[in-house]
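Open the model in your viewer and keep the selection tool ready.

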Amino acid sequence: MTKDIIAFWGYPHPNLINKTKLEYPNATWVDLDICFNYPSSKFTPDAYCGIIKNIFDNAFYLKNRIIKILAAVGKDKCDSGFFAANLLKNEGFEVEISFFEDTVPLNQLNDVPICKSSLPLKEKLSLITANIVEQKDYSHLERSNARFGFWGVPPNDLNICDLFPPQTHVFGWSRCVEAKNPANFELEMYVETDLPTVFFAQTFCSKTALAKYLADKYNGLYIDVDAIPTNSAYAKIEAFLRLR
Amino acid sequence: MNKSKFYIDAGTTWSKILEITPLNERKYSIYPTSEARKFDIKYEKMTGHTSDKNSALYVNEVVALAMGAKAHLENNFIALDLGSRDIKWIKYKNSKFSDMDWNSSCAAATGATIEMLLKFYDVKVEDLEFCEEKYPVTCGIFGLEKIMDDVSKGLAPKIAISKFIHGIAYNAYNFTKNPEKICISGGFCENKCFIDSLQKYCEVLPLGRFVLVDGLALRP
């Protein structure tokens, strides 16, 4: 089988993305963070971050097609990203590691038109992650008046986003990605104080500590979800959006 | 001619129905959910685990609890609904929503378990009395194991079940983040052993079994 895929996770450094685009102009880019419902690789313990499980499941399923993996391993991703890069290298994948830890002061950052737009939340998060590779300009998007906030990484199961109205602004790591500053902790911790916000993290991810801390501090709703949201998670978000 | 309006809280085991007549009389009734399913009634609003969550008439259970409890209570309160298979609570501070939680995943240590234990050991709920000791029921399965072990050693089943209920009350107190006062909604309002157990930890105000249907009737 011909190898035709450049795989990546997190937000590889733009210089690495651009260099790889020039090197493989016809390659298909696949974000391994995303759940494509490929068979389980059973590579990790059951109790493990759903996003990192996706990386292994996707990588092993697509192994014969993957040219190389651009692996985010710095503070812009997590320790599990570092471990995954090395384990996949041991399993015969060509892995190029990436640190994207450059940070810019908040007042000098790029604007985040997708996060502030009136697009449905699912579309916002999908555009933000797609734009890691596409690098399109979304400055034309109309800004919405925020009614709610969503803080966190794009969930493994994006269907949970359907509960939120389009006037939901995006914060946390997803906002950092749109601002091209995935390791900017100050931006990751930024929220609008009076905006009712759902603080989301994947179960077994260390960002659960940030989500819980911020939810307590700003009277928001803390939610952690593993692979598929439970009825409790759906119901809590629904009630929070209705009552706040 | 005006007709009565009906609201239903269709729980896992019991369905609570509120009828508001054209003369604005309120009639409350309770049926086993298996029986209530057969009724040919057009409801204005519905809530509860067995109601159709995709229906336009469905109201989220925490929202129904919040609306119903607000009608009964002052500006600051915590209302806890302990049902057959789930536990949920809501906190209002200065008349505004402040906090909540809902665990619908673990049904091990809630109303249905108690009903099963009472039937299994042939004990009447009114025979249960507050017991100073409690079983740890963070996991209901381990709690059940404790009951069976102790009964096999000669402990009276009603004492063992009371210790289990005390464990549930203690869990409820911790789940609601250890408040000074809890307002209770649901079938446990009628369980004196549970109320007495919870009173060991905080002030308790039972609101009855119809808080959620009252909330439905209030909600526009």
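Select Asp196(B). This residue is partly exposed, with 18 other C-beta atoms within 10 Å. The cut-offs: 20 or more such neighbours within 10 Å make a residue buried, 12 or fewer make it exposed, and partly exposed lies in between, with C-beta atoms placed from the backbone. Asp196(B) sits in helix H6 (residues 192–198) of chain B. Helices here are DSSP runs of H or I with at least four residues, strands are runs of E with at least two, and both are numbered from the N terminus.

A word on the model. It is predicted: local features need pLDDT of at least 70, side-chain atom pairs count only at pLDDT 80 or more, and totals for chains, interfaces and linings use all residues. Residues are numbered from 1 along each chain as its sequence is written, while chains are lettered from A and ligands numbered from 1 in the order in which they are written.

Next, show both chains. Their contact takes 12 residues from chain B and 12 residues from chain A. Two residues are in contact if their C-beta atoms, placed from the backbone, lie within 7 Å. On the chain B side, helix H2 (61–72) and strand S7 (96–103) each supply at least two residues. S7(B) gives the most, with 5 residues.

Move to chain A. Select helix H2 (residues 50–61) and helix H3 (residues 79–90) of chain A. Their axes come within 10 Å and cross at roughly 20 degrees. That makes H2(A) roughly parallel to H3(A). The classes: under 35 degrees is roughly parallel, over 145 roughly antiparallel, 65 to 115 roughly perpendicular, and the rest oblique. Axes are lines fitted to C-alpha atoms, for helices over the stretch in contact, and angles run from 0 to 180 degrees between N-to-C directions.

Which residues of H2(A) and H3(A) make the contact? H2(A) brings Ile52(A), Ile55(A), Phe56(A) and Ala59(A). H3(A) brings Ser80(A), Ala84(A) and Leu88(A).

Finally, zoom out to the whole of chain A. There are 8 helices and 8 strands in chain A. Its C-alpha atoms fill a box of roughly 55 × 40 × 25 Å, taken along the principal axes. Buried residues make up 44% of the 244 residues in chain A. Among contacts in chain A between residues at least 6 apart in sequence, 63% join residues at least 24 apart.
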